[in-house]
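Student: Could you show me how to read the helices in a structure that is new to me?

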Amino acid sequence: MGFREAHGATSQLGTEPTLEGPGLRAAVLWLACMAQFMVVLDVSVVNVALPSMQFALDFDAADLQWVVGGYALVFAGFLLLGGRLADVYGRRRVFLWGLALFAASSLVGGLATSPGVLIAMRAVQGLGAAVLAPATLTILTTTFAEGPARVRALAIWTAVSSAGGATGNLIGGVLTQSLSWRWILLINVPIGAVAVLAALRLLPADRFRMQGRKLDVPGAVLATLGVTALVYGVTQAQAHGWSGPATLASLTVGVLALAAFVWAEMRATAPLMPPRLVRLRPVWAGNTAMLLAGACFIPMWYFLSLYMQDVLHYGALATGVGFLPHTLVGIAAARLAPAVMHRTGPRTLIVLAALIAAVGFVWQSRIEVDSNYLDGLLGPAIVMSAGMGLLITPITTTVTFGIAEQDAGAASGSMNAARQIGGAVGLAALVTLAAATAGTAASYRTVFVAIAAVCTTVAALAFALPAPHRPEAAGAPDQ
């Protein structure tokens with residue numbers, strides 16, 4: 001079965017005209033990347049500011065984790081709904097909603113004088129991010145036609161996403177030390193305002209209307225409840241174990257709600273996640289690969305950050321600087337991905353990138369408690385980050401190729417949700433694995449070997465994808 005046949009012909013129902021002019025499309029690309037950078041950055045940027053927040057607002061130690069967890073939990077829980085909103089109400093409108101919500105909650109959170117207000121605003125930020133993140137990807141896949149231009153745009157979007165996640169500690173440390181912890185939130189206000197003005201100028205008005213403009217409310221409720229409960233249960237497992245009552249109750253609710261969601265979607269007239277999408281091999285296999293990739297790369301930042309601070313005794317700012325090689329190599333590899341994919345095709349590149357990352361993680365597993373940065377971290381950082389940078393672009397291209405415009409938001413939302421859920425589940429499982437391993441060095445070795453095994457699984461899963469489409473449609477250089 002060919003790649004295009006697997007996706008089906010692209011429907012013209014509700015098609016909007018493609019933006020004309022390379023300059024305008026480039027401006028839209030950077031607008032989408034700026035918004036995505038804010039969303040990814042705010043997952044990790046608060047980490048180094050937590051002690052300052054605790055002192056300033058008199059946080060209880062148990063509540064402090066929700067400054068991070070509140071954002072991540074709501075972000076993951078609402079991604080499917082956020083993606084479908086763009087299909088139903090229009091990409092420009094939903095992009096502006098997400099920006100406004102994200103910037104407004106950042107302003108209130110940055111001015112907060114009590115723990116409850118700050119945690120609540122971080123949750124609202126997560127909601128804005130869940131609306132905004134899939135909208136950025138949907139804007140790109142509908143602005144750039146399938147082929148070299150779209151692949152290059154997705155590579156830049158991937159590089160910016162990687163940079164946002166990797167530089168969170170560094171930017172948070174600089175802002176906290178030079179200004180105040182409040183500025184890690186307040187900085188989003190002027191950036192959001194500029195992005196709103198740019199969106200009003202650059203993005204075309206939403207001319208299409210999905211038939212009846214209906215949103216699948218039961219599906220939205222069940223999907224949001226299921227994903228949120230599942231992620232919450234996984235986070236509780238880190239603190240109370242997998243057999244704890246809170247963990248089991250949350251996981252049970254999550255599984256039941258997601259099962260009910262699948263049942264409801266099969267009967268809905270305008271489903272939140274159309275079953276026709278789930279049945280497409282590139283979509284289900286690509287999303288599974290993205291889920292496993294999230295389970296590898298998101299925990300990587302956590303364990304390396306712990307090693308630098310607990311073993312090497314780095315401060316917050318020094319830890320952020322320590323991640324610069326990961327960031328720079330990841331960006332360079334993501335920018336190189338279109339050229340490599342032109343020669344290999346997306347499926348082969350997924351295999352190669354996952355195996356490169358696996359080699360890097362095996363190398364990283366050789367770390368010892370007396371290792372220093374140069375002999376313990378730098379070499380593996382280059383290999384792991386090269387694999388990571390090369391991997392995300394072909395997966396994203398695979399999942400979004402040939403999707404009808406009226407389903408672009410649903411496809412984007414499902415892929416973003418897969419990555420976040422994979423990260424949450426992977427982190428909880430690896431923390432549990434590390435805790436069960438005796439000795440500091442042994443626990444790090446076990447964790448990185450396990451991550452390497454998951455990367456190898458991603459490589460094997462790539463063979464479930466359909467045969468690649470023609471190279472000239474997947475990232476050939478401009479003539």
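Student: What does the secondary structure of the chain come to?

Tutor: Helices (H or I, at least four residues) and strands (E, at least two) are DSSP runs, numbered from the N terminus, and here the chain has 21 helices and zero strands. This is a predicted model, in which local features need pLDDT of at least 70 and side-chain atom pairs count only at pLDDT 80 or more, while totals for chains, interfaces and linings use all residues. Residues are numbered from 1 along each chain as its sequence is written, and side-chain values use heavy atoms, with hydrogens and water left out.

Student: Which residues of helix 13 are buried?

Tutor: Buried means under 20% relative accessible area and exposed over 50%, with partly exposed in between (1.4 Å probe, protein chains only). In helix 13, the buried residues are Thr247, Ser250, Leu251, Gly254, Ala257, Phe261, Ala264 and Glu265. Seen down the axis of helix 13, these buried residues fall within an arc of 155° (taken from the directions from the helix axis to the C-beta atoms), so they line one face of the helix. The face turned away from that buried side carries the exposed residues Pro245, Leu256 and Trp263.

Student: How are two packed helices described?

Tutor: They are described by the angle and the distance between their axes. With axes as lines fitted to C-alpha atoms over the stretch in contact, and angles running from 0 to 180 degrees between N-to-C directions, helix 17 (residues 324–344) and helix 18 (residues 346–364) come within 7 Å and cross at roughly 120°.
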